[in-house]
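Thanks for making time for this today. I would like to take you through a model with several chains, and I will go one chain at a time.

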Amino acid sequence: MIPGPFDYVRPTSVEEAIAALVEHGDDAKVMAGGHSLLPIMKLRLAMPAVVIDISRIPGMSYVRVEGDEVAIGAGTRHHQLEHDEVARAEVPILPYTASQVGDPQVRHRGTIGGTVAHSDPASDLPTALLALGGTVVVQGPNGRRSIPVTEFWQGFFETALAEDELIIEIRVPRTGSAGWAYEKFTRRANDWPIVAAAAVDGRVALANMAGTVVRATATEEALARGASIAEAAALADQGTSPGADMHADQEYRRHLARLLTRRALEKAAGGAAAAA
Amino acid sequence: MKVTLTVNGQQRSDEVEPRLLLAHYLRDTCGLKATNIGCDTTSCGACTVVVDGLTVKSCTVLAAQADGSQVTTLEGLAGPDGELHPMQKAFREEHGLQCGFCTPGMVMAAIGVVADNPDPSDREVREGLEGNLCRCTGYHNIVRAVQSAAKAGPAAGQVPQSQEVAR
Amino acid sequence: MSILGTRVVRTEDPLFLTRGATYTDDLVDDRLTGALHATFIRSQVAHGRVLSVDASAAREAPGVVAVYTAEDCPDLAPLPAGLPMVPPAMQRPWLATDKVRFVGDIVAVVLTEDRYQGEDAAELVSVDIDPLPTVVSTADAAKDEVLLFEEAGTNVAAVFGGPPPEDFFSGCEVVVRQAVKNQRVAPVPLETRAAAAAWGEDGRVTIWCTNQGAQQAKGEIAGWLGLDPALVHLVTPDVGGGFGAKIGADPEYAFVAWLAQRVGRPVRWTENRSENLLGMLHGRGQDQLVTIGGRRDGTVEAYAIHVDQEAGAYPRVGVILPTLTMLMAAATYAFPKVHASARVLVNNATSIGAYRGAGRPEATAAVERAVDMFAAEIGMDPAEVRRKNLVPPFHEPHTTPSGATYDSGEYVVALEKALEAAGYQELRAEQARRREAGEVKQLGIGLSTYVEITGADTGLGAAESAELEVHPDGTATVLTGTSPHGQGHATAWAMLASDQLGIPVEKITVLHGDTDRIPRGGGTMGSRSLQQGGAAVHQAATELIELARQRAAEQLEADPSDLEVDLTAAGLSVRGTPGSGITFAQLAEKEPLVVQTRFEAAAPTFPFGAHVAVVEVDTESGKAELQRLVAVDDAGIIVNPLLAEGQRHGGFAQGVAQALLEEVLYDADGNPQTSTLADYPFVSPTELPSFELVDMATPTPINPLGAKGIGEAGTIGSTPAVHNAVIDAVAHLGVRHIDMPTTPMKVWRAIQQAQQEGTN
């Protein structure tokens, strides 16, 4: 399968990229690694008239500590994040989750900005980011703004990103030694999750339980008022609206959400809670 | 548009459509037919090549994206005198290929596995090759080939033209 | 020491590993210069009336040379069903005329200068179809309320046998009955279908296509197009896997040849994977009803199986698969009474064809599940039930109640070897420990014994041709009618010739797949190649030695009976005086030293074995993971263990995949749910362990090599072992059966239901 024809532009600065977005509007699609966009272009589910390849803009790929936060450049590839020493020390759930994306070849190309912009509810890194909290820094013709991750993903393939904006950076709190876990349930190792649960510091996010990645609010509230992990996890699917497909119907997805949440919380708690 | 790539050590420039996939560029423009296309969905890995030291699935990369890059395909592995690359040698000795269709991508991906881990366990080889499908071998002898190549030394994790396969 | 039985590495590999094999899409040939690319437009509706096909916009698109719809080719007669038992009305038009019958039915074809333009133009063909109610399951098809072929008056394509006598199970202390699904799967050779065709000025067409037997493919294409076979030259380039789905030709191949003639230019076609998952034949697709009855002491007294076989929209070879299932119904067992029957139904889905094992895995899966359910019902260890019922070792022909005559078998020995290698008692102890402890991850141990028919006469004769020539430069050429696509015939056939002639393997070239050079051949399928094609090469070498002996006797002025083969010299010498003789190469100097022969197999052979699978099931999520697969596979005498093991490994993987993962799924409207490799769960390296192989070799008297088939055995044995293991892991929770594939959701739900029933 082959993408439909398009014009290709390759800006060398963020400003140039934004100018191209302003010029072409919704005829344009931004491409970084291309591992979310090219597959849907090959299936002709997306047929942009213009592709803006931002992968040659310098300075888009980094992981660094800034105060209480870790800042990750939008162009950071999954395999860079996976092996990044700063990320491993400061926010270990991210490099681990990055290692669970696709397969090595995909991780060599895919970027964190791309997966955030794609807004697939079955995506690994957005699930971990939602559990972490933090912000998505975007830039448009009128400058930069920060969007909390809790507001960024608005629907299946829909985000708070405006047509003329580019994702510049993801900022997450440093979690250091706080317990964390990412529990991904698949049939084959490199599949998209049927359901996944990310837990860090008392917050839980779920993949593939609604039109976007979602927080398990009822679980979080139960934990906050001192409920046991088992009690809290039993509420994980509350407020979700899972779909049905050949891998899982709604009932089974809800079961998996509860099970994976319990396992993630137990793992995050170092297994102590499991024995209690 | 015009792209300039170094393919198996040789630089070349070509006029291409922006939508031309790297896999088709290699096969049809460069005439390097070893790289195969086995799916449409970045699933099978048959089209795996090394771009700037990293394994990629060339059906999901535009030739335009690879502009300025170094690309190594299966054809670029053996020495000028025809001496097999350690990974090619191990695939032959361990019978790691049958119909041969997944093989070019599998060998390139396997080089990436050893670059990442010089002494991989059975499990680690399987996880490293999770993006490459084979219908003939049941993967058994592929795993043995990768382990055997790794034991022979670090060259199994490198491609020629002095571009190391990076992590 | 003979080269036979040694681990010779493949002569094919240096090229495959450095430049890659040359598959149909890789061909660079002067005759294909300027070839057009064909892009088929396929129905996206499973069942419906074609109202209109508007190609006017596509005809104006860049690079488009021609577009054909049904209106544009009225002279193409529909493809006949081709099987005598199928109603003649169940024929396939080249391009859908009044109706479409599955998602993938061809509606139009576009010819463009390059393949990118083809995909663009295909988007512009507007197809208007009025949907009809669909027939997806065999149960729906059997109602005959919605008909795929109104003129046939039924969806039943064939019926084999009737129900068992009413008293078939009377007198049995225990009778267990279960509906068992042997699900539809996709063969997915990594190389998709591809063809190229060019007409010469001599009025002949050369067709290159990926297939499992050039001669059969040529015959089918010539027949479909009404061409004199002498005008068709079919060439099989390297083939990237087949697994049964590339047996013969597909209509698209013939269509490419027809289009090339019509436009007067060469035409090429290579399908993409999405098209492949719709258009290439699928395998299996049986709804079985198994009944097993016997005594509480473990003796089985009667076994019956009824098969409802999906044919898909247009009957192909899938129609006859259940006859193989019926033939092998008695399997490895000495059951006194066995009954089998089948019905084949068309449905709005991709046509069913052969897939690794083709009818025999379905027989084994059914009976092995039945034996396990019987064991569970009477509370006996499944290994013990098998011991009590297996046919005792035999080396003379053994005829079963289902009508097969086995050549040789030692089923109990195979089972005991497998159990010992697996550490069966220790595994059962570990299982008991986990059950006692109520652990989340439970252990399942699954057994299977199997026997299968290989080298069966599929209508083309159980015979194979070979030509062997030694050249003056000391090299040799073997021409074979088999059609390797991964099996390593270039190496194995060279070994067979080398063994007798002393010519090194590296100096022997094996050629196949060119109908001008090799007019007769049976291809590679049904695990027939070594026992017939290899035997033919062996026979050719024997005959070549006799020819050489006569010539050498004249030249050396010696008595022919005094001449013996000198393997070191690759020639003949006078007995007792090494170095006195003449080489085969020298004998080829004056006139060609060449023989043509044909080996006729007196009967098929019946390889057998036993597998033990160990799985771990996460009882909270339902996910089953295969931890070990121990396999005894007895295929008689092995020519090259490296190649034979490779065949087993590949078979295991496909068998495991059917038990755990793979299934082609349609929704209620006949829309495929698994039409890319992102959705079809093709088994990947992470779902498999390395395998544990146990050797066993019981020779067959049927051919001089003593060899049986090995290509399909691994698939046949592994599926039921793994399937039984998954159910065994959760049997203590009250689960009796789970259909394949044992997906996490199905296993979880089975546990839930068993627990609910247990508490009610």
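What follows is a walk through chain C, then chain B, and finally a piece of sheet in chain A.

Before anything else, please keep in mind that this is a predicted model, and that everything I quote has been computed from it.

Let me begin with chain C, whose secondary structure comprises 18 helices and 28 strands. If you look at its overall dimensions, the C-alpha atoms occupy a box of roughly 90 × 75 × 45 Å along the principal axes. As for the interior, 61% of the 760 residues in chain C are buried.

Now to chain B, which has five helices and seven strands, arranged along the sequence in the pattern β-β-α-β-β-β-α-α-α-α-β-β. The C-alpha trace of chain B extends over about 45 × 30 × 25 Å along its principal axes. For its 167 residues a compact globule would have a radius of gyration near 15 Å, and since chain B has 15 Å, this too is in agreement. Of those 167 residues, 70% count as buried, and among the contacts in chain B with a separation of 6 or more, 63% come from residues 24 or more positions apart.

Chain B is also divided into two parts, namely domain 1, covering 2–74, and domain 2, covering 86–158. Their C-alpha centres lie 21 Å apart. Across the boundary, 14 residues of domain 1 of chain B are in contact with eleven residues of domain 2 of chain B. Which strand gives the most to the domain 1 side of that boundary in chain B? That is strand E3 of chain B, residues 48–51, with three residues. The domain 1 side that touches domain 2 in chain B has seven nonpolar and seven polar residues, and no charged residues.

Lastly, I would ask you to turn to chain A, and to follow strand E5 of chain A, residues 69–73, through its pairings. With strand E4 of chain A, residues 63–66, strand E5 of chain A pairs in the antiparallel sense over four bridges, and within this pairing A:Val65 stands opposite A:Val70. The hairpin formed by E4(A) and E5(A) has two residues between the strands, and there A:Gly67 takes a positive phi near 65°. E5(A) also pairs with strand E10 of chain A, residues 166–173, again in the antiparallel sense, over five bridges. In that pairing, A:Ile72 has A:Ile170 of E10(A) as its bridge partner.

That is the end of the tour, and I am happy to take questions.

Note on methods:
Residues are numbered from 1 along each chain as its sequence is written. Chains are lettered from A and ligands numbered from 1 in the order in which they are written. This is a predicted model: local features need pLDDT of at least 70, side-chain atom pairs count only at pLDDT 80 or more; totals for chains, interfaces and linings use all residues. A residue is buried if 20 or more other C-beta atoms lie within 10 Å of its own, exposed if 12 or fewer, and partly exposed in between; C-beta atoms are placed from the backbone. The radius of gyration is taken over C-alpha atoms; the globule rule is 2.2 Å times the number of residues to the power 0.38. Two residues are in contact if their C-beta atoms, placed from the backbone, lie within 7 Å. Two strands pair if DSSP finds at least two bridges between them. Domain bounds come from an automatic or database domain assignment. Ala, Val, Leu, Ile, Met, Phe, Trp, Tyr, Cys and Pro count as nonpolar, Asp, Glu, Lys and Arg as charged, and the others, Gly among them, as polar.
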